[in-house]
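Trainee: Could you walk me through how to read packing in a model like this one?
Mentor: Gladly; let's look together.

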Amino acid sequence: MAQTLNFNGVSVLIVDRNAFYRALVAQMLRGFGVQNVITCDSGKEAQEALKTNAIDLLIMEADLPDMRGSEFLHWIRREQKEPLRFVPIIVLSGYTQLRLLEETRDAGSNLLIKKPLSAQIL
């Protein structure tokens, strides 16, 4: 018997400067059954959203328009709200510069995925 995953009740925050890409990832997640998807286009907006929303997964681009992705990751990993400090983080990057990959890894990301993202990879 095949197991199915139940994503009902899971909350995901997507942080990406590109509105089309945010919508695309949100649609993929909804296809998996995730009903609560929050989207933000900047690190500052995401910080505000995280102060009032509990999330189970964060998907973010590596370099945000208003701050480096590593700076945002450091903020999350040092946050006093314990569930937030330990949230799984997937970083999406269209760039393959080793320095950027090392920064996000060292700042606390759990997984780095190269754009473009597909439903199979997600």
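Trainee: Which residues does Leu-58 touch, not counting residues up to four places away in sequence?
Mentor: First, the ground rules. This is a predicted model, where local features need pLDDT of at least 70, side-chain atom pairs count only at pLDDT 80 or more, and totals for chains, interfaces and linings use all residues. Residues are numbered from 1 along each chain as its sequence is written, and side-chain values use heavy atoms, leaving out hydrogens and water. Contact means heavy atoms within 4.5 Å. With that separation in sequence, Leu-58 touches Leu-13, Val-15, Phe-72, Ile-76, Val-87, Pro-88, Ile-89 and Ile-90.

Trainee: Which residues of the largest nonpolar core touch the most other members?
Mentor: In soluble globular proteins, nonpolar side chains tend to be buried together. A nonpolar core is a set of buried Ala, Val, Leu, Ile, Met, Phe, Trp, Tyr and Cys residues joined through side-chain atoms within 4.5 Å; buried means under 20% relative accessible area, exposed over 50%, partly exposed in between (1.4 Å probe, protein chains only). Here the largest core has 22 residues, and Leu-13, Val-15, Leu-58, Met-60, Phe-72, Ile-76 and Ile-89 touch the most other members. Apart from it lies another core of 15 residues, including Val-37 and Ile-113.

Trainee: Which residues of helix H5 are buried?
Mentor: Helices (H or I, at least four residues) and strands (E, at least two) are DSSP runs, numbered from the N terminus. In H5, residues 98-107, the buried ones are Leu-100, Thr-104 and Ala-107. Exposed Leu-98, Arg-105 and Asp-106 sit on the face turned away from the buried side of H5.

Trainee: Is Ser-93 buried or exposed?
Mentor: Ser-93, found in strand E4, counts as buried because its relative accessibility is 3%.
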